[in-house]
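These are my notebook entries on one protein model. I set down what I looked up, entry by entry, beginning with a charged pair.

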Amino acid sequence: MTTQKISRFHRAALALVLPVAVIGALAACDDSTEPQAAPAASPEAAVPSTSVSAAPAAGLHMIANNGHQLAFHVTPGGSPTIVLDAGGGEDSSYWDALVPQLSQATGSQIITYDRAGMGASEEVQGPWDPQAAASDLQAGLRELGVTQNVVLAGHSQAGEVAHYFVLANPGVVSGAVLIDANVPQFFTDTQIQRIVTLTAPQIEELKKAPSTKANRQLIATADNFGPTHQAYHKVSWPDSVPVIYVVSDKTPFDGSPQDAQAWRDAAAAFVKAGPDRTLVAAKGSSHDVPQDKPVLVLNEIAQMTATVK
């Protein structure tokens, strides 16, 4: 792949459109080698999917939905169940350091998972679709017997999955923590066009590069970005689900004051748009709040968990 430099603002736009785990590859890299996917569990280690109502066993569960397999990981505990959903380009391993601390702090069952095309989950052809991603999450939780009293925590791109999930599954989510997450208020026509324009050259470079799992996921996430986010802009979070929104200090647009302010304004507008919504500032944090401020994230999830018990 052609070596190129990307400004901070370009990186910020890419962080919303493209998987953040491989943004660095766009700055200077050679993508000739297929990246290693997360290791799939052996048949003996994987827990077969079941439809029983008993608490799911600890460990990996491979669950089918719409013709593809998805990896869900269970840490046993009580109710409410905490579901952690990572941002674009990240899989369930993103939460590895936080899960044991959160388990000890709350005593809750904790579920992490790999969205399609990430980690041990199979790829899906075509553009990335947040509604399809919400369907994958729905299928996994149902198969694991989790049908109520969920605390859903999502970072960045997972904010879109969270919106579509709560709307499609009324009564399942008791509370949510959105961590510098994509909210509908941000995706005005102006912002969508800016992001599409900024990322277009990098997408074209990726299409010329060797086809790898990482590259395919990048392209899928960028495909149909405009229409997907025009539709998302019209979505509303239900008033019945309380939510804590954690906004980063630097936002995804560190280096572009205009766009950083648009991100903050969107977060504030989201919080003001309904009841039982709280805005929390992650002071000194980049967009990668769960890594920069893990104690803050743990505390906010634990607070929501205690509230809905």
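Entry 1: I take a salt bridge to be a side-chain nitrogen of Lys or Arg within 4 Å of a carboxyl oxygen of Asp or Glu. Aspartate 259 lies in helix α8 and arginine 194 in helix α5, so the pair ties together parts that are 65 residues apart in sequence. Aspartate 259 is buried at a relative accessible area of 0%, whereas arginine 194 is partly exposed at 27%. Here buried means under 20% relative accessible area, exposed over 50%, and partly exposed in between (1.4 Å probe, protein chains only).

**Entry 2: basis of the values.** I note that the model is predicted, that local features need pLDDT of at least 70 and side-chain atom pairs pLDDT 80 or more, and that totals for chains, interfaces and linings use all residues. Residues are numbered from 1 along each chain as its sequence is written, and side-chain values use heavy atoms, with hydrogens and water left out.

**Entry 3: overall figures.** I recorded 10 helices and 9 strands; these are DSSP runs numbered from the N terminus (helices H or I, at least four residues; strands E, at least two). Of the protein's 309 residues, 54% count as buried. I found 5 salt bridges in the structure.

**Entry 4: further salt bridges.** Glutamate 123 and arginine 216 form a salt bridge, with the closest N and O atoms 3.0 Å apart. Glutamate 123 is in the loop between β5 (108–113) and α3 (130–143) and arginine 216 in helix α6 (residues 213–222), so this pair ties together parts 93 residues apart in sequence. Glutamate 123 is partly exposed at 32% relative accessibility. I also looked up glutamate 204 and lysine 207, whose side chains meet in a salt bridge (3.9 Å, N to O). Both residues lie in helix α5, 3 residues apart, about one turn of the helix.

**Entry 5: the nonpolar cores.** The largest nonpolar core has 47 residues, of which Leu137, Trp237 and Tyr245 touch the most other members. Helix α8 (residues 257–272) gives the most to this core, with 6 residues. Apart from this core lies another, of 24 residues, including Tyr94 and Leu298. A nonpolar core is a set of buried Ala, Val, Leu, Ile, Met, Phe, Trp, Tyr and Cys residues joined through side-chain atoms within 4.5 Å. Leaving aside neighbours within four places in sequence, I find tyrosine 245 in contact (heavy atoms within 4.5 Å) with residues including Asp180, Trp263 and Phe270.
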